[in-house]
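Please read the points below with the model open beside them. They go through a few parts of the structure in turn.

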Number of protein chains: 4
Amino acid sequence: MKRKVCVVVASRANYGRIKSVLQAVKRHPGLELQLVVAASALLYRFGNVVELIEQDGFKIDSRVYIIIEGENPTTMAKSTGLAIMELATIFENLRPDIVLTVADRFETMATAVAASYMNIPLAHTQGGEVTGSIDESVRHAITKLAHLHFPATALSRDRLVRMGEDPASIYLTGCPSIDIVCQADVKRIDVLKKYGGVGSTIDPRKPFLMVLQHPVTTEYADTLNQIGETIKAVATLKMPTIWLWPNVDAGSDDISKALRVFRETDKPEYVHFYRNFEIADYACLMNNCACFIGNSSSALREGAFLGVPAVNIGTRQNRRERGKNVIDAGYDADSIVAAVRKQIRHGKYERDLLFGDGNAGSKIADVLAAHAFTIQKQITF
Amino acid sequence: MKRKVCVVVASRANYGRIKSVLQAVKRHPGLELQLVVAASALLYRFGNVVELIEQDGFKIDSRVYIIIEGENPTTMAKSTGLAIMELATIFENLRPDIVLTVADRFETMATAVAASYMNIPLAHTQGGEVTGSIDESVRHAITKLAHLHFPATALSRDRLVRMGEDPASIYLTGCPSIDIVCQADVKRIDVLKKYGGVGSTIDPRKPFLMVLQHPVTTEYADTLNQIGETIKAVATLKMPTIWLWPNVDAGSDDISKALRVFRETDKPEYVHFYRNFEIADYACLMNNCACFIGNSSSALREGAFLGVPAVNIGTRQNRRERGKNVIDAGYDADSIVAAVRKQIRHGKYERDLLFGDGNAGSKIADVLAAHAFTIQKQITF
Amino acid sequence: MKRKVCVVVASRANYGRIKSVLQAVKRHPGLELQLVVAASALLYRFGNVVELIEQDGFKIDSRVYIIIEGENPTTMAKSTGLAIMELATIFENLRPDIVLTVADRFETMATAVAASYMNIPLAHTQGGEVTGSIDESVRHAITKLAHLHFPATALSRDRLVRMGEDPASIYLTGCPSIDIVCQADVKRIDVLKKYGGVGSTIDPRKPFLMVLQHPVTTEYADTLNQIGETIKAVATLKMPTIWLWPNVDAGSDDISKALRVFRETDKPEYVHFYRNFEIADYACLMNNCACFIGNSSSALREGAFLGVPAVNIGTRQNRRERGKNVIDAGYDADSIVAAVRKQIRHGKYERDLLFGDGNAGSKIADVLAAHAFTIQKQITF
Amino acid sequence: MKRKVCVVVASRANYGRIKSVLQAVKRHPGLELQLVVAASALLYRFGNVVELIEQDGFKIDSRVYIIIEGENPTTMAKSTGLAIMELATIFENLRPDIVLTVADRFETMATAVAASYMNIPLAHTQGGEVTGSIDESVRHAITKLAHLHFPATALSRDRLVRMGEDPASIYLTGCPSIDIVCQADVKRIDVLKKYGGVGSTIDPRKPFLMVLQHPVTTEYADTLNQIGETIKAVATLKMPTIWLWPNVDAGSDDISKALRVFRETDKPEYVHFYRNFEIADYACLMNNCACFIGNSSSALREGAFLGVPAVNIGTRQNRRERGKNVIDAGYDADSIVAAVRKQIRHGKYERDLLFGDGNAGSKIADVLAAHAFTIQKQITF
């Protein structure tokens with residue numbers, strides 16, 4: 001009997017961080033993949049990730065809309081609740097042997113709560129990491145619900161052990177997102193062609209910046225100001241810039257608004273806005289950019305592997321492990337500009353395997369097929 | 001400005017474990033109580049706790065039905081999701097400064113998830129305890145979401161510190177449930193008069209047993225068998241017995257069924273079934289019973305304070321702290337009968353302050369009024 | 001291409017009124033059956049109808065729990081909302097060509113709302129009937145959403161036309177519930193063997209009564225009193241009595257309570273309580289009983305076909321068409337007793353084809369396969 | 001005792017059509033207003049109507065987010081379900097004597113279903129009208145649930161009677177939206193100043209067009225094409241144009257996309273896009289425009305009162321009553337252009353009181369205070 005592994009893909013970021021696992025589960029003789037696509041992965045506004053997933057050859061077992069509009073803390077909570085309700089019905093009908101949940105966002109939490117109340121063994125990637133947002137609390141809460149852990153770094157693994165998780169349930173596999181970067185031909189320069197977006201044309205052979213700044217949900221009220229400073233910094237640097245739309249989260253409406261006003265009012269010739277890239281293309285653009293700016297964890301994670309000079313803004317990645325490729329900056333335009341200039345002068349960094357060596361997917365699939373689960377968890381102390 | 005403290009009371013057990021805090025918050029000059037009554041606390045089947053709450057003089061700010069019928073793991077997950085959705089709307093409209101969540105059940109989890117996604121500081125009682133059910137995982141997960149902890153025992157407090165919670169956010173107050181027991185006149189013998197229930201009359205001046213056995217959600221499929229053995233044990237002992245209906249949980253339908261069949265088929269003259277007691281009456285009956293049987297944590301908690309001889313059945317309280325008043329038994333009738341007989345021979349134990357000295361409520365209210373919250377949590381390692 | 005016909009079966013009553021259609025759709029070469037089992041059809045408390053459905057050889061495409069506990073008007077409304085949300089996800093994934101909804105209860109409404117907002121052609125059975133409860137309003141509201149109507153009687157058909165429905169969308173097929181009665185061997189006397197229930201043994205060869213009384217949701221507050229009078233009447237008649245548990249609805253908790261108290265207090269030797277019968281067995285018992293008492297529409301519908309002497313209590317069936325087999329009684333015990341005695345003296349009535357001739361199922365399937373739908377409805381005046 | 005009248009305002013359109021009733025209820029000595037603000041009325045994307053409501057001096061009793069993102073038929077159905085669930089809790093806590101629901105959109109349906117299952121008398125405005133979309137079916141379905149009807153036109157009133165509604169429950173009051181238009185100083189030309197929007201400046205002293213085109217949910221798949229033709233027509237006319245963002249509905253995402261592409265690609269100098277106007281400003285702009293284009297019912301309704309030349313596109317208003325001020329056009333650019341040119345040549349029409357004389361609000365309030373409700377509805381035939 002194959003073990004049925006159900007994975008809920010809920011966003012662009014989710015998909016990038018689990019795709020190599022989906023591939024490995026799909027081809028593993030002892031496993032059967034059950035794929036649920038949910039939340040922003042179904043929405044046009046966030047790049048219609050569902051189409052990408054189908055183009056990549058995955059069969060989707062269930063689609064479920066779970067985002068309650070508003071993009072504020074209240075609707076994030078409500079969306080989590082809605083997701084739990086709907087996923088429970090889906091799990092009831094799919095009857096998975098294992099549910100795999102990715103990282104730390106609200107859909108991840110929903111998946112974790114639904115599976116654990118349903119006594120379905122829960123596996124979790126990216127546990128044990130520390131960061132600066134509600135995501136950290138959520139990630140640790142999911143750890144306490146999960147039966148199987150796939151941390152990305154040695155430090156994260158140690159943290160899981162210290163939190164009282166059974167060492168026999170923890171497998172250091174590296175992060176699956178590195179697998180994709182590792183497989184991608186990151187030297188291509190023609191990746192922008194297939195994307196629309198709005199704004200002027202970027203020539204990827206010349207130095208360009210790449211920006212992705214998400215709202216910090218615990219600093220929700222300050223979002224407009226924060227993104228304003230980053231806009232000011234980019235407007236000072238005036239280099240060709242690829243700017244990516246943020247995740248759906250409390251505050252993303254404010255970011256979208258600020259970006260739209262910037263676009264309408266300043267009409268910045270040097271910026272092109274994109275909703276979404278395929279993961280390999282994202283890695284490729286990251287690899288080729290002169291400096292990556294924002295608060296996306298990809299700067300720390302994939303960035304380390306690629307050696308991309310990156311400027312990390314504000315508190316969102318507070319205390320997250322990072323390699324030498326990252327310089328931190330405050331929310332003010334001046335400190336952002338200074339850091340970016342320093343990084344451009346430095347140029348590319350050495351490859352750093354901090355977050356994995358590119359084989360996480362198949363390692364995870366092997367564990368999913370073989371691990372002996374105990375449904376009743378106990379803290380070790 | 002008074003701090004608005006919102007408490008969600010969701011079940012009979014919840015209310016008993018937080019009532020003294022509600023009283024202390026209500027009379028504290030720096031606090032304003034916001035009371036939400038939800039879930040089984042609204043249901044006739046579970047003793048209409050809402051009426052008790054009103055009789056006790058509390059004003060209810062919002063009532064919300066959140067239990068999806070089925071009493072299986074799927075509906076528990078769904079009820080959690082529903083509760084999060086509804087509580088988010090309620091918090092949006094009540095705008096509390098602090099949300100206080102009690103213990104470890106699914107409504108507790110829902111309250112915790114809703115509050116933390118809404119950036120409302122979350123306080124939690126009974127963190128750090130270990131037990132044998134999904135409740136343990138849920139309790140630790142809530143700990144990872146909570147900003148303020150009120151553990152009941154020194155050992156629990158230490159566990160919270162070891163899990164990475166900031167010691168400055170942890171206050172050892174004892175369990176509020178002990179406050180009620182401490183205030184109650186536990187020597188009264190006429191408490192049964194006001195309760196209906198079904199079955200023969202119990203004379204509380206003669207030795208009697210008291211039984212409360214909940215389903216173990218992670219052993220959901222075995223519920224019928226487990227309750228069957230306890231029924232067999234009681235049928236062997238044939239002493240006057242007060243039997244309480246279980247909580248709503250995956251499996252409670254099976255317990256109800258078994259009890260009904262027992263009642264219809266055996267027509268046990270010596271047993272009287274009750275849905276619910278007021279907390280003080282519960283403490284009083286517990287205090288006077290010859291032996292308390294089942295898997296309720298009250299045997300360990302209030303039982304320690306009262307020195308009640310108790311037989312704890314099965315895995316539900318696995319590893320939970322207990323005083324000398326508890327003897328563990330397996331699920332089989334023989335071992336239950338043997339343990340009960342041993343306890344009856346022993347009689348009352350000494351008072352043990354393991355779970356508190358009776359002042360938890362006012363200690364908690366004082367902290368709620370004074371604690372300086374940091375909304376962004378960080379693990380300490 | 002077969003047309004995919006999705007049917008939502010949500011209760012015991014639902015199943016009896018649609019089973020012959022399910023059979024006919026399943027064997028029709030131009031149709032594919034998609035079966036969703038929901039609500040009380042999944043619950044033990046209501047006789048676990050889902051098992052019956054599987055025993056009858058139907059494959060279930062999706063199961064969904066949607067009843068929010070409380071059995072009051074508020075939870076009925078909430079359950080309707082929950083059902084719409086969940087059914088929308090299910091329809092999104094099953095992609096039916098037609099949705100078929102049965103009669104008039106809240107799950108029926110939910111099915112109708114979900115399908116019509118999703119632009120899925122909606123077929124409806126039992127439209128145009130009048131009765132005395134919220135069900136009547138709901139039934140007419142569903143009519144206004146439905147694209148295809150299968151009324152059971154000529155009078156109902158005329159009412160649909162008068163309400164402005166396009167005559168080309170209305171097919172007078174009779175009620176599918178008659179099909180089952182027509183196929184059943186209603187002379188068997190051994191049907192009670194396989195059912196448990198509680199109470200004394202009924203000998204079906206001797207005259208016996210059959211009682212089924214549902215709460216009237218618009219007279220919600222009066223439920224306890226109403227059922228009390230019926231209990232008093234049965235206690236006066238003291239004949240062997242088969243008593244059936246009511247539907248889940250606002251008020252059913254009160255009925256259950258009253259029946260339990262009756263059972264515990266009066267210990268009526270002559271009554272046996274049952275949760276549920278298979279439909280054919282129900283028809284058989286009905287056929288053999290001396291008098292059917294209560295407010296179930298089956299007394300009017302199947303009762304007409306079988307010629308069963310019936311006493312219809314109170315307002316629930318107000319103005320619903322009925323044959324000569326029915327005598328109406330008020331809610332008071334005296335008038336119930338008098339009517340029952342009159343019916344027993346009269347004995348069996350002639351067969352009346354008012355609600356159908358037993359071929360509704362296949363007629364409906366043929367229409368479903370052939371009807372040309374217009375998704376944009378227009379009132380005819 | 002004042003009667004508590006609860007009104008759910010769920011969108012920009014809703015508010016305009018009920019504002020004068022809110023005012024009249026608020027000042028009526030026999031009534032108490034309970035105001036729930038929900039759905040798109042809370043969203044920035046749809047003009048933050050909630051702020052307007054507060055500026056107008058109304059106290060909001062409850063806010064509730066109920067839109068599930070996706071803007072397709074599935075999420076419309078799900079949003080309806082979510083709204084029913086949440087409104088039930090709100091009604092449970094507010095305990096209104098009457099619920100008033102406006103017109104025909106999905107939130108209206110949700111309000112109607114929640115209230116009727118909760119046995120709360122339901123009043124409905126704009127019943128009996130016919131149009132070309134799912135809205136028509138929904139409007140008639142709500143009629144079948146409503147206990148009190150306030151149709152806007154004599155023809156609508158007659159249709160309600162023909163559908164079987166009790167004539168004693170129907171009051172011809174005219175449409176409250178006309179009240180606002182009637183009170184507004186519609187000759188002002190400086191209303192645009194306070195609105196941002198994007199695009200070039202419109203000089204309201206020179207002839208300008210006004211466009212508002214909503215998606216037709218039953219022609220969901222054709223939305224992009226439909227809006228494309230209107231864009232083509234406007235691009236041909238090249239007159240100063242005020243273009244309004246559509247309602248949230250299945251398809252509005254497509255319309256938004258098309259408008260954005262139009263703006264980015266064509267950079268039309270003559271168009272200014274607005275999210276929302278205050279109702280009085282809307283009336284004023286309408287009054288002053290050379291021609292109103294689209295499929296908004298305001299062209300027919302307020303348009304008749306103001307005598308605004310209007311071109312009504314496509315099927316959305318099919319069969320709705322209209323005065324002489326409206327010319328119908330197909331979805332193709334050519335027919336739209338021809339009709340607009342004809343209307344501009346014609347200029348203003350005579351005032352037509354078809355939809356009311358401006359006193360609907362106070363008439364409705366008087367009825368709400370005095371009408372004797374029967375909760376059990378019966379069709380009249």
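1. Angles under 35 degrees count as roughly parallel, over 145 as roughly antiparallel, 65 to 115 as roughly perpendicular and the rest as oblique. The structure is a predicted model, in which local features need pLDDT of at least 70 and side-chain atom pairs count only at pLDDT 80 or more, while totals for chains, interfaces and linings use all residues. Residues are numbered from 1 along each chain as its sequence is written, and chains are lettered from A and ligands numbered from 1 in the order in which they are written.

2. How do α4(B) and α5(B) lie relative to each other, parallel or perpendicular? Their axes come within 10 Å and cross at roughly 20° (axes are lines fitted to C-alpha atoms, for helices over the stretch in contact, and angles run from 0 to 180 degrees between N-to-C directions). The helices α4(B) and α5(B) are therefore roughly parallel to each other. Helices (H or I, at least four residues) and strands (E, at least two) are DSSP runs, numbered from the N terminus.

3. From α4(B), the contact uses Thr108(B), Met109(B), Ala112(B), Val113(B) and Ser116(B), and from α5(B) it uses Val138(B), Ala141(B), Ile142(B) and Leu145(B). Two residues are in contact if their C-beta atoms, placed from the backbone, lie within 7 Å. By class, this contact of α4(B) with α5(B) has seven nonpolar, two polar and no charged residues (Ala, Val, Leu, Ile, Met, Phe, Trp, Tyr, Cys and Pro count as nonpolar, Asp, Glu, Lys and Arg as charged, and the others, Gly among them, as polar).

4. Chain B also touches chain A, with 42 residues from chain B and 43 residues from chain A. On the chain B side, the elements that give two or more residues are α3 (73-94), α4 (106-117), α5 (134-145) and α6 (154-162). Of these, α3(B) gives the most, with twelve residues. The chain B side divides into 22 nonpolar, twelve polar and eight charged residues.

5. Chain B has an open sheet of six strands in the order β3-β2-β1-β4-β5-β6, with parallel pairing. Two strands pair if DSSP finds at least two bridges between them. The edge strands, β3 (62-64) and β6 (148-150) of chain B, each pair on one side only. Three bridges join β2 (residues 31-38) of chain B to β3(B), and Val36(B) stands opposite Ser62(B) in β3(B).
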